[in-house]
Amino acid sequence: MIYILDWVYMRFTKNIKDVNRTHIINVGGKAASLGELVDEGFPVPKGFVICTNAFNEFLDSNNLIQAIESNFKMINIDSVGVIEQVSNNIQNLILNEEIPESIAEEIRLSFRSEEHTSELQSHSFISYAVF
């Protein structure tokens, strides 16, 4: 099976070759820089990035925003111990939740698409299965 993706409609992932510095808010600096390198013709391994809106959706769908904000209110900048405890609380909140299926499915689809693109390119009869 060949997976052909239209990255315009992907909400939570983007192909590295389709991002650049104008996308930095949604993909981060490292992915944006890799996209710029691709644009300049440098050899960059094929791949995709999970966008920041995936994390925002994760927080929203698991109703974590209010819990995180409540933890922030406990911070005392004069107490490293309190800051560490708040950090641990927030980390546990995040790690104990499930990734929404909509995000997980898009990540799986992007990953499978990248696998098949590499597989097809190694046979040299197609240059890109993902655009």
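**Figure 1. Salt bridges around E105.** E105 and R112 form a salt bridge with their closest N and O atoms 3.4 Å apart; a salt bridge is a side-chain nitrogen of Lys or Arg within 4 Å of a carboxyl oxygen of Asp or Glu. Through shared partners, salt bridges join E101, E105, R108 and R112 into one network. This is a predicted model, in which local features need pLDDT of at least 70 and side-chain atom pairs count only at pLDDT 80 or more, while totals for chains, interfaces and linings use all residues. Residues are numbered from 1 along each chain as its sequence is written, and side-chain values use heavy atoms, with hydrogens and water left out. E105 also meets R108 in a salt bridge, at 3.0 Å from N to O. Both R108 and E105 belong to helix α5 (residues 101-122), where they are three residues apart, about one turn of the helix. Helices are DSSP runs of H or I with at least four residues, strands are runs of E with at least two, and numbering starts at the N terminus. E105 is partly exposed at 33% relative accessible area, R108 is partly exposed at 35%, and R112 is partly exposed at 25%. Buried means under 20% relative accessible area, exposed over 50%, and partly exposed in between (1.4 Å probe, protein chains only).

**Figure 2. The salt bridge of K17 and D18.** The closest N and O atoms of D18 and K17 lie 3.5 Å apart. D18 is partly exposed, at 30% relative accessible area, and K17 is partly exposed, at 27%. The whole structure holds six salt bridges.

**Figure 3. The aromatic pair F55 and F58.** Rings of Phe, Tyr and Trp (its six-membered ring) pair if their centres lie within 6.5 Å; planes under 30 degrees apart count as stacked, over 60 as edge-to-face and the rest as tilted. One aromatic pair is counted by this rule. The ring centres of F55 and F58 are 6.2 Å apart and the planes are at 20°, so the pair is stacked. F55 and F58 are separated by about one helical turn because they are three residues apart in helix α2 (residues 52-61). F58 is buried, with a relative accessible area of 7%, whereas F55 is partly exposed, at 41%.

**Figure 4. Model confidence.** The chain has an average pLDDT (the predictor's confidence in each residue, from 0 to 100) of 84, and 80% of the residues score at least 70. Residues 119-131 have pLDDT below 50, and this stretch has 28 contacts in the model beyond near neighbours in sequence; a contact means heavy atoms within 4.5 Å.
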